[in-house]
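Open the model in your viewer and keep the selection panel at hand. The stops below say what to select next and what is there.

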Amino acid sequence: MSDIRVLVVDDSAVVRKIFTEALSKEPGIEVVGTAPDPYVARDKIVSLKPDVITLDVEMPRMDGITFLRKIMKYYPLPVIIVSSLTAKGGKMALEAMEIGAVEVLSKPGSSYSVGDMKQQLADKIRAAARVNVRAARPQAASASPVSRPATRALTETTNKVVAIGASTGGTEALKAVLTRFPVTMPGIVVVQHMPPNFTTAFAERLNGLCEIAVKEAEDGDAVLPGRALIAPGNFHMLLKRSGARYYVNVKTGPMVCHQRPAVDVLFNSTAQYAGANAVGAILTGMGSDGAKGLLKMREAGARTLGQDEASCVVYGMPKEAWKAGAVEKQYPLDRIADEIINLL
């Protein structure tokens, strides 16, 4: 199998150098070129024919969002967004993923050491190279904010719990699922592999689109009907129970399956504390995170399902969960929400 050909697009010479040096040590990956702006990148895409592009979103001459729209229209291929760990960077990265980018990476900085970044960068490039670009591109469905009742009364307890895990391609997959849930849904807990701040912007965006309330989880948050809690980037989220009340524990800790937050951590705790009162769903993503935890959920009596290969951006996590016997049945993305409701 030939090496994955990568083009690095970033106005920072330091970032281009760090990325190139880091990837030169990774087997199966070759940086075929770099570009300081989209105009240079455009010509190099045509001449070098990269398999994957890393793209900064804040650049002079033409911003990354505008350039990404052009790529997706004229030369669609897997794009990894590189953004700063700021609120603005998070919102821009989220917009890029809605346009068709498949992964997001934090720029090297104080929050992440270069060592952490190297492994994340290589993993995301390998994931991107396997992407089904057609599945990753935005669907025609409306993304207009919903009109909600003036009050969305949340009762103090939820009998059932829905636990969902996703990674590569998951931001759009989760949007497709959560926007179909009615406000009468039981409490929902979600792990999506994303860095800090990006999960904040993601939860805020979903909250504006869904009938249910969506928020980035804080330690001790109650799991309530009509609300979804999104695990914050760089923190694990566990489901806990006190009497009839479910709540979440948000904490740091070692990475699991190279991830923090990890789907396995959420699913394991859901198996322990919700048992047969839970429904688990595993969506698009690279790797095996969630497979073992979902199997524990099924063994504890929970109902489980997975996204099918044809509709996945990357059929990795659902495939491993299916092979492990953790998934009862697989469904296309446009049926996942209805099937979760049916299982409840």
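Start by selecting residues 52–56 and 79–83: these are strands E3 and E4, which pair in the parallel sense over 4 bridges. Two strands count as paired if DSSP finds at least two bridges between them, and helices (H or I, at least four residues) and strands (E, at least two) are DSSP runs numbered from the N terminus. This is a predicted model, in which local features need pLDDT of at least 70 and side-chain atom pairs count only at pLDDT 80 or more, while totals for chains, interfaces and linings use all residues. Residues are numbered from 1 along each chain as its sequence is written, and side-chain values use heavy atoms, with hydrogens and water left out.

Within this pair, pick aspartate 56; opposite this residue stands valine 82 in E4.

Now widen the selection to the whole sheet. It is open, has 5 strands in the order E2-E1-E3-E4-E5, and its pairing is parallel. Strand E2 (29–35) and strand E5 (103–106) stand at the edges with a single partner strand each, so one side of each lacks a neighbour in the sheet. From one strand to the next, the twist averages 25°. Select residues 13–24 as well: helix H1 lies across E1 (4–9), E2, E3, E4 and E5, and runs at about 165° to E2.

Arginine 61, in the loop between E3 and H3, has a positive phi of about 70° although it is not a glycine. This arginine is exposed, with a relative accessible area of 60%; buried means under 20% relative accessible area, exposed over 50%, and partly exposed in between (1.4 Å probe, protein chains only). Asparagine 234, also not a glycine, has a positive phi of about 75°. Look for asparagine 234 in the loop between strand E9 (227–230) and strand E10 (236–242), where it counts as partly exposed at 22% relative accessibility. Then select arginine 260 and proline 261, which are joined by a cis peptide bond with omega about 10°. Proline 261 sits in the loop between strand E11 (245–251) and helix H9 (263–273).

Which residues have the most contacts inside the largest nonpolar core? Select Ile164, Phe181, Ile188 and Ile340; the core has 57 residues. A nonpolar core is a set of buried Ala, Val, Leu, Ile, Met, Phe, Trp, Tyr and Cys residues joined through side-chain atoms within 4.5 Å. Helix H4 (residues 87–99) gives the most to this core, with 6 residues. Centre on phenylalanine 181: leaving aside neighbours within four places in sequence, its contacts (heavy atoms within 4.5 Å) are Ile164, Ile188, Glu211, Ile212, Ala337, Ile340 and Ile341. A second, separate core of 28 residues includes Leu229, Ala231, Ala274 and Met317.

Finish with the cysteines. A search of the whole structure finds 0 disulfides, a disulfide being a pair of cysteine sulfur atoms within 2.5 Å. Cysteine 210 is buried, at 0% relative accessible area, and its sulfur is 20 Å from the closest cysteine sulfur, in cysteine 312, too far for a bond. Cysteine 312 is buried too, at 2%; from its sulfur to the closest cysteine sulfur, in cysteine 257, is 17 Å, again too far for a bond.

Terms used. Axes are lines fitted to C-alpha atoms, for helices over the stretch in contact, and angles run from 0 to 180 degrees between N-to-C directions.
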